[in-house]
Structure formats: structure tokens, C-alpha cells
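I opened the notebook with a plain plan.

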Amino acid sequence: MKFALSPEQEAFAASLDSLLSTQDCDAATRAWASGDHGPGLKIWRRLADQGVAALTTPAHRGGLAEEDGTGATTVDAVLAFEVLGRFCPPGPWTDSAVLPCLLDDEILASTAAGETLVSLAFPPHVPFALDADIADARFLVDGARLRGFAPGTPLASLDPSRHLFEPVPGDELGPALDPARAFDLGALLTAAQLLGAGRGLLEMSVAHAGQRRQYGREIGRFQAVKHLLAEVATALELARPLLHGAAVTADPADVSAAKVACGDAAHLAARTALQVHGAIGYTAEHPLGLRLTRVRALTTAWGTPAVHRHRVLAAIAP
Amino acid sequence: MDLDLDEAARQFRGEAREWLAAHVPRSPLPSFDTAEGFAAHREWEAALADAHWSVVSWPREYGGRDASLLEWVLFEEEYYAAGAPGRVNQNGIFMLAPTLFSHGTPEQLARILPKMARAEEVWAQAWSEPEAGSDIAALRSTATPADGGWLLNGQKTWSSRAAFADRAFGLFRSDPESARHHGLTYLMADLRAPGVTVRPIPQLDGEPGFAEIFFDDVFVPDADVIGTPGNGWRVAMTTANNERGLSLRSPGRFLAAADRLVSLWSSAGRPESTAARVADAWIGARAYQLYTFGTVTRLASGAELGPESSVNKLFWSHLDVALHETALDLLGPSAELRGPWTDGWLFSLAGPIYGGTDQIQRTIVAERLLGLPKGDR
Ligand SMILES: Cc1cc2nc3c(=O)[nH]c(=O)nc-3n(C[C@H](O)[C@H](O)[C@H](O)COP(=O)(O)OP(=O)(O)OC[C@H]3O[C@@H](n4cnc5c(N)ncnc54)[C@H](O)[C@@H]3O)c2cc1C
């Protein structure tokens, strides 16, 4: 047993991290929110060049995913989505990543290359389709079948960079490959983004607490502030092994446990970040809000905490 | 990254499971906080030791079976899953022994460990003092050089198992001029030596779970200094990390408790009112298990336990209380009747206090892990 990232995995995550730190993700997110997709799509393509869009696509469809024991694993996908969560760039990343679980088709090659954006509706737990207006391909998982859909009524998310649409069911396309696996992967990658966002929020908070001064000293010297942040660190530290463990075992109970724990930890990180920042964090100019609203939106995306807790119980208390 | 056990580890686990199934006492032993229970636990520990299951990760020469850290974790899972008794000598096995492995002499290892493994000598941790709790460096009891050793004076308190234990380990101020972390010496003492008085203190459940220890010119030979005189603080940090970290609270305890909670919930008709909390208890135990697998992997590749053992302690101390409170809420009116869940609940309440309170752990995490500026103590 080796329950630790390999040096290659660490390096992969670090390279994505440094790539995104040179992009202005916050500006791209704001532009996306106001309907200008240009900067966000540029980041989408930069990440696709690094293979991020190909991690879950099998090699015979032009992707990087493991076939016969070589290539990218679910752990690699999770690492990439943690980094996405940390920087919060916009776009339907999860939808594209689960598509290979639903069909085996030529479209996967262009998805893996980052040329095709996918929007997915997966009722009942994913009832609204993200970015369906600009997606090149739209799929609705209808029980065991796959359909196309048209974007219906637009719905305003509390995260203004998430453009949601009611799906209007279209033509039937055939049986869905493995909907159960698709849902698990979507939940897992959402958990990864939540964890990443939580870590990003903790880092912002630590930096702020080390520099903002009140009563003649940095607020980070006050125990009341320290202890809040230590609780966040503890929650995140213990959520991460669940996430990575679920990526290894692919067990539905582990996936749900990860979704619950990453969501709870990220929520704690977001609430604490706002408290530690004070009013500056409550302003629209500050990047904190981008992450705070993303965390709240992702908490109920791909299965609410209640749904996932019940999945855990169904598995452990038969 | 994988969670696969190799053949050897699987076989090790199978052997442990088989032995425990055949040997764990059918009815629970009386509490080790009673004279009768203490004697029963010594017998159980001797049986464990005879079969080389009492200290699996130690070298064979001291009574262990040279098991890897991973195998130790697997053993603990099996141990608690089998419903085996708590370890009466846990202060010795999980705190003093790792300290001796890091700082002890070969003579000390050979003299102390085999008896510890069999619970022929049960150890108490004599750290806290009436005026030094969280601020352990404020301790006042002294060690004064004497012919061939040291004379101990002063008072320790809240010492678990000291009411019935044989020996104790702790810090003493050996340089009266020194302040705080300097001039401290880490010593072992015989609790039956002339000049020692032990006064048992009943805990919330009424049993004498800990005790005060008074030292009045108690002689301790040089051979019972761990590390070098004056260097006790550094030695003590090894013990502290072990207390908060892996060893005292193996994930096996919480996995077994979470499984019992899930069964309780199922047999109570799966009430919706506690569903989320039951799920969270299982999620917490699973998180802690996987976190431990990560720690084991890092330690096996040469890393050392650092401030993340405070993260550990914060996590399990919360988890243990929440898990037991959920069980009591589930039990409804019968929750107030004495039984394993009420005993477990009372014990869980001490978790956020002993081994450094949760406030102290949060400060450590904030300063050493997150790098926040040091503030007032
Ligand atoms: C069941 C049990 C078993 C124990 N077993 C042992 C044993 O075997 N051997 C042994 O030596 N000791 C033992 N202890 C003692 C234990 O280690 C101490 O209780 C603990 O270190 C706290 O010290 P204190 O009780 O003096 O509390 P205090 O230090 O007086 O603290 C009281 C409160 O103030 C808070 N506080 C203190 N300082 C700070 C600070 N700087 N910042 C924020 N908050 C602060 C604490 O968190 C706590 O909430 C045991 C305790 C219990 C409950």
C-alpha cells in the first residue's frame, strides 16, 4: 500500500497550479458572468493543452485515461480538479469530464482536445444544465438512456459565473454507457473542486490575517482568529484523504463520503474566510466572493449533502 | 497511489483476526480503574504478550514481532473490531516506548521494554502539575543531583492509571536557575519507592482513573534518565507528538465505534432524526483511517511526525464526542442508564482536554502548520 501521491502526480498538480497562477482567472470569471466568454475560453484551451480535458477519456478516443494499466488515473483527474477549484476558472469542466462514462463516440476526441464543450443534465440530482448556451454538445441522462436537449429557461445561479438552463428533452441517442459511474465521477470531481476552493480560501485568509493590523498588531496573532483557521485546516486535511481514497477505490460510499466532507470543509473555509476578512471580503471587488458563491453552488451540485449522506447509509447499513 | 495490501500484510491481518477471535474475553473485563480490573487486565496483557500480539511493531527481542507501521494499524483495526479490552499499559506502550526508541540507551530498552510488553510493569505519565497544565514548561518539581542519581521533590497530578501503576515517567526541573524549556530532565521513577505518595482521584464515573503523585526526596539512579540531563524538553516533544498523533488513538477505535453506532441506528429502525449524524460518524472514521494510511506511508518513507499530529488530535477528539452523543440521542430515555455507550461518552469528553487541550492544538496548527504569527500565550 502506498497512500501518497507519486512525484509525477505532485509535479503535474504543481505545473497546473503555476499555469493558472499566471492567468487572470478572477477576471475571466467576472467576464464570463457578464456574458463575455473570451478570456474564460482562452484559459480552457490553455488547460486543455496541458491535458486537463483528456484525463478521463480513454486512449483509443484520443484521451489520456488509463487503459491496460498505463496513463492517467482518476487520482490525476481529481488533482487537476482540485487545482481548478483553487483558482475557480469558469466553464462546464465536470460535464466534459464525465462524458466518456456515458458514451463511446468520436465526439470524445474533440472533447479531450478541448475543442468541444459539453453541457450535461442528469436529473434528479443535476437538474439544471451548466453553460448550455455556449456548449457545443448537450446531453441529458434520462434513466438508462441518453438524449440531446435544448437549453430552455435560463436560471440565475447565486454564483453569477454559472449560467444554468432548464433542459428541454430532445432526440434519444441510445443507451447510456454507465450512468452510475458517470454520477460518481461527477460527484467526485465536484468534491475535488470544493476541496481546492476551500484550500484557496484558507490560503487567502492566512495571508490576510498575517498582514491586516488592528489594535497595533496583525489580527493573525489573536487566538480567536488562529483557532478559526486551525479548524478550517483540520477539516480540509481530513477531507483530502477521503477524496483521494474515493478516487482509488471508486466505491460509491467513499465517493459520497468525499462529497460530504469536502463540501462541509469548503463551506467552513468560506464562512471563516469571510469572517477573517471582515467587510472587505463582502465587497464585489474582492476575489473572496467568487469562491464563496462557487462553494455554495457546488455544495448542492451533483448531489446535495443529504443525498450523499443517504447513499453512505444505504451502503453501510444495508 | 493505492490501498492494496500485499500478501504478507493480508496474512498478518488474517492471523491477528484468527487469534483475537479465539482469545478475546467473551464478557468485558472490569474497568482497569479498579484494583480487580487492573489485575484482570494484567492477565489479558500477559496472554497477548505470550502470543506476541501485545506490541506488534517492536523488535522481537523486546517481545514484538517486527511488524511494519501499516501492520500495526491493521492489527489495531482487528483488535477493536474484535471488541478486545482497552490497553492498561497504553501510556507505556504508546508514549514512553517510542520515546525510549528515540532517546533511550540499549540498557534501558532491554531492562524496560520486555516487562512493559507483558504489563508486569504498568506505566503512568507524570507530566501535569497543579500549577502546570497547558503550560507544562512552568513545572516546578525538581531533580537535584545526588550520589549516583537524583533526588525528586514536588507534586504531579491527573496521572492516569497512577492509582495502580508501578512506575512513572515525567519531567523535572534539574537546574533551579533555568526558566521554561531549559534545565529540564526526563526521568523514570518507581511509584513504590520510599518518599512516593500516590493519592487516587475519582473521575466523573466515580472510579480512581487518575491520581496525584507526591515526591519527597525520592532517589532515582542515573540509569533512569532518558536522554541527557537538562535536555528533557526535546525528549518530551517526542512523547507529545506520539500522544496526539498516531499511537494513542488508532483509527481502529473509531472504525469499531462507528460500526457499532451504525448497527445501533439500524436496529432502532433507522430514524431519520439521527441519519445525518450517523453518516457523519462513519465518514469521520473513514477519513481518519485514510488519513492514517497517508501518515503511515509518509513515515515509512522517512518522514517524522510533526505539527500535523495536532490536526490528528483535533479531529479525533471531535469525532469521538460527536459519535457518542449521537449514540446517546439515539438511545432515547434509556441513554441515561449506565452501559458501554455512557461509559464511552464520559471517556470521550476527556479527549478535548488531555494530551494538550484542543485550544492548545489549534494554536499549534495555526502557528506551525499555517505559519500565522506567534501571539500571546
Ligand atoms: C482523563 C484525563 C486524563 C489525564 N491523564 C493525564 C496523565 O496521565 N498524565 C498527565 O500528566 N496529565 C494527564 N491529564 C492532564 C491533562 O494533560 C491536562 O488536564 C491538560 O494538559 C490541561 O491542563 P489543565 O487541566 O491544567 O487545564 P488548564 O491548562 O488550566 O486550562 C484550562 C482551560 O484554559 C485553556 N487554556 C489554557 N491555556 C491556554 C492558552 N494559552 N490558550 C488558549 N486556551 C488556554 C485550556 O484550553 C482549558 O480550556 C489528564 C487529564 C484528563 C482529563
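Helices (H or I, at least four residues) and strands (E, at least two) are DSSP runs, numbered from the N terminus. I keep in mind that this is a predicted model, where local features need pLDDT of at least 70, side-chain atom pairs count only at pLDDT 80 or more, and totals for chains, interfaces and linings use all residues. Residues are numbered from 1 along each chain as its sequence is written, chains are lettered from A and ligands numbered from 1 in the order in which they are written, and side-chain values use heavy atoms, with hydrogens and water left out.

**Entry 1: two loops of chain A**

I looked up Pro124(A). It sits in the loop between β1 (118-121) and β2 (129-130) of chain A. A cis peptide bond links Pro123(A) to Pro124(A), with omega about 5°.

Next I turned to Ala250(A). This residue belongs to the loop between α8 and α9 of chain A.

**Entry 2: where the chains meet**

How many residues does each chain bring to the contact? I noted 43 residues from chain A and 41 residues from chain B. Contact here means heavy atoms within 4.5 Å.

The size of an interface is often given as the accessible area lost when the parts come together. For chain A and chain B I wrote down about 3900 Å² buried between them, with 71% of it on carbon and sulfur atoms. Buried area is the accessible area (1.4 Å probe) that two parts lose on being put together, summed over both. Met1(A), Phe3(A) and Leu238(A) supply 20% of the area that chain A buries against chain B, more than any other three residues.

I then checked the polar side of the contact. There are 14 residue pairs in polar contact between chain A and chain B, both at pLDDT 80 or more. A polar contact is a pair of N or O atoms within 3.5 Å; within protein, one must be able to donate a hydrogen and the other to accept it, and residues adjacent in sequence count only if both atoms are side-chain atoms.

Which elements of chain A give two or more residues to this side? They are α7 (179-209), β7 (217-218), α8 (223-249), α9 (252-277) and α11 (305-316). The largest share, 16 residues, is from α8(A). By class, the side of chain A that touches chain B has 24 nonpolar, 10 polar and 9 charged residues. Ala, Val, Leu, Ile, Met, Phe, Trp, Tyr, Cys and Pro count as nonpolar, Asp, Glu, Lys and Arg as charged, and the others, Gly among them, as polar.

**Entry 3: salt bridges**

I counted 4 salt bridges between chain A and chain B. A salt bridge is a side-chain nitrogen of Lys or Arg within 4 Å of a carboxyl oxygen of Asp or Glu. Lys226(A) pairs with Glu367(B), their closest N and O atoms being 2.6 Å apart. Arg309(A) pairs with Asp280(B) at 2.7 Å between the closest N and O atoms. Arg309(A) lies in helix α11 of chain A and Asp280(B) in helix α8 (residues 272-300) of chain B, so this pair joins two chains.

**Entry 4: the ligand**

Where is the ligand? I found it between chains A and B. A polar side-chain atom of Gln223(A) is 2.8 Å from one of its nitrogen atoms. The side chain of Ser134(B) has an N or O atom 2.6 Å from an oxygen atom of the ligand.

Methods:
A residue is near a molecule or strand if one of its heavy atoms lies within 4 Å of it.
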